Amino acid sequence: MNIIVAGCGNVGEVVTRLLCSEGHDVIIIDTDKGKVETLSLRYDVFGVVGNCASSEVLKDAGIGSCDIFIALTGNDELNILACLISRKLGRAKTISRLRNPAYQKELNLIKEELGLALVVNPAYLAALEMARVLKFPNASSIETFDKGRVGIVKYKIPSDSSLCGMKIYDISRRFDVRLLICAIEREDEAIIPNGSAVLGEGDIICVVVASDSAAETFEKMGVSKRRVGRCMIVGGGAASFYLSQMILEMNIGLTIIDRDKERCLFLTDQLDKAVVICADATDRSVLEEEGIKEADAFCAMTNFDETNILLGLYARDESEAKLFTKVNNLLDEGIIREKDLDSIICPKNVAADSILQYVRAAENSMGSSNIETLYKIIGDKAEAIEFIVNEGSKVLGRPLKDLELKDGIIIACITHGRQIEIPDGKSRIREKDHVIVVTTMHGLSDISDILE
């Protein structure tokens, strides 16, 4: 597909990289000549220097033959204007980044009235991901499918876990649970396991389970219940604001620390049930005075990655809190993972997943299935895709054991209407089923792509 990405910031670069890796023809636009030149060389794409809302710039970028136009500049109004003009000049579907909290409640109206195909707010999506984990803090991340009814829960196996040394096919029988381990993250490797795979200390397992039974399932496996009663957030930016609203709705006690006086006044005005402290949280005495040792969850969410990492390390050593660390420029995921900072939140990656999901679905609009949800569950190494299967698909009606799947693919869950099925070899896919596929392959856009 021909795709234009306007805006070469953090989100724009990730989206460009992902789209190029999947074989799309990408053209980038930015007013910063240096950024355009850097990304053009790095990803071998054509770049245009200029204002993405200019008709001349858009024409130079090839808007007339563009299939999807993605506006990701740091200016919401510019993104909207660029999308409107691009629609007038061509046939492209339009995606706009909108990050101002003032627009959040109006997103559906904006999308419908302006004819946008998709609206993404990286900060809001990141906060939503964190809020899901706060409901089940034993997990490092939770991705939801089928309108929230099914989840993929990432859990790191500690040294004292009864799962250590156990084969996957023994788990359901021993603990009387219904689940499927669809992927294992082991050091720098992503593994799609079979039943004979042996789990070990430090493995991060991706577990498919019905959302309403996740806590009970893990409790049966010896994972004790954790409840968050008090949360501390350092940093009062957009993601923190969205997360704070969600936390207060869950009746969790909340303390926010930020060094900017004006921002603290805003947060105090908007979040009347939160305790807002204007102070420098890098001074550990501030954290001690505000009760870091008693916090059940700690969120390092300043605008500086280094500060967040250091705060997370301090909280890890000084408390038993569930840790969230926000990073914007994750240069080496392995280094971050070695620090054992629990849940790493990267807003640009969350937004990029949402955009990639739409692009995959648009690419396969005439195929035998629709993409409903897509997540990168182990960095760029593995992804989980929810397909809705249409009439005529090659996977319909046959037992799963008779399907010749490509290597690196597992069918993790099938939902038939209201029934959630953790599949085995005898399971069959029916028309209109929701099917979750986990794979280390890249670029699946139709469920038929899983077959040899």
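# A walk through the structure

Lys147 is exposed, with 73% of its relative area accessible. Exposed here stands for over 50% relative accessible area, buried for under 20%, and partly exposed for what lies in between, with a 1.4 Å probe and protein chains only. This is a predicted model, in which local features need pLDDT of at least 70 and side-chain atom pairs count only at pLDDT 80 or more, while totals for chains, interfaces and linings use all residues. Residues are numbered from 1 along each chain as its sequence is written, and side-chain values use heavy atoms, with hydrogens and water left out.

Lys147 belongs to the loop that joins strand 7 (141-145) to strand 8 (150-156). Helices (H or I, at least four residues) and strands (E, at least two) are DSSP runs, numbered from the N terminus. The phi angle of Lys147 is near 55°, which is positive although the residue is not glycine. Most residues other than glycine have a negative phi. Asp342 also has a positive phi without being glycine, with a value near 65°. Its loop runs between helix 14 (333-338) and strand 17 (343-345). Asp342 is partly exposed, at 33% relative accessibility.

The chain as a whole comes next. It contains 15 helices and 22 strands. Its radius of gyration is 23 Å, close to the 22 Å that the globule rule gives for 452 residues, so the chain is as compact as a globular protein of that length. The radius is taken over C-alpha atoms, and the rule is 2.2 Å times the number of residues to the power 0.38. Along the principal axes, the C-alpha trace spans about 65 × 60 × 40 Å. Of the 452 residues, 55% are buried. The chain exposes about 20,300 Å², and 46% of this area is supplied by carbon and sulfur atoms. Such areas come from the Shrake-Rupley method with a 1.4 Å probe; for residues, only the protein chains shown count as cover. Among contacts (heavy atoms within 4.5 Å) between residues at least 6 apart in sequence, 61% join residues at least 24 apart.

Inside the chain there are nonpolar cores, that is, sets of buried Ala, Val, Leu, Ile, Met, Phe, Trp, Tyr and Cys residues joined through side-chain atoms within 4.5 Å. The largest nonpolar core has 55 residues, and those that touch the most other members are Leu163, Ile171, Ile181, Leu199, Ile205 and Leu243. Leaving out residues up to four places away in sequence, the contacts of Leu163 include Tyr155, Phe175 and Met221. A second, separate core holds 45 residues, among them Val5, Val45, Ile68 and Leu403.

Tyr155 leads on to the aromatic rings. Rings of Phe, Tyr and Trp (its six-membered ring) pair if their centres lie within 6.5 Å; planes under 30 degrees apart count as stacked, over 60 as edge-to-face and the rest as tilted. Six aromatic pairs are present in the structure. In one of them, the ring centres of Tyr155 and Phe218 are 5.5 Å apart and the planes stand at 70°, so the pair is edge-to-face. Tyr155 is buried at 8% relative accessibility, and Phe218 is buried at 1%. Elsewhere, ring pairs join Tyr124, Phe241, Tyr242 and Phe266 into a cluster. Phe324 has a charge over its ring: the charged end of Lys322 sits 5.7 Å from the ring centre. For this, NZ of Lys or CZ of Arg must be within 6 Å of the ring centre and within 35 degrees of the ring normal.

Met1 lies in the segment before strand 1 (2-6) and is partly exposed, at 27% relative accessible area. Beyond residues up to four places away in sequence, Met1 touches several residues, including His24, Ile68 and Val359. Between Met1 and Ile184, 183 residues apart in sequence, the C-alpha to C-alpha distance is 32 Å.

Thr255 is part of strand 13 (residues 253-258) and is buried, at 6% relative accessibility. With residues up to four places away in sequence set aside, the contacts of Thr255 include Cys231, Val275 and Glu290.

Asp280 sits in the loop between strand 14 (275-278) and helix 12 (284-289). At 28% relative accessibility, Asp280 is partly exposed. Apart from neighbours within four places in sequence, Asp280 is in contact with Arg259 and Val286. Arg259 and Asp280 are 21 residues apart in sequence, and 5.1 Å apart in space from C-alpha to C-alpha.
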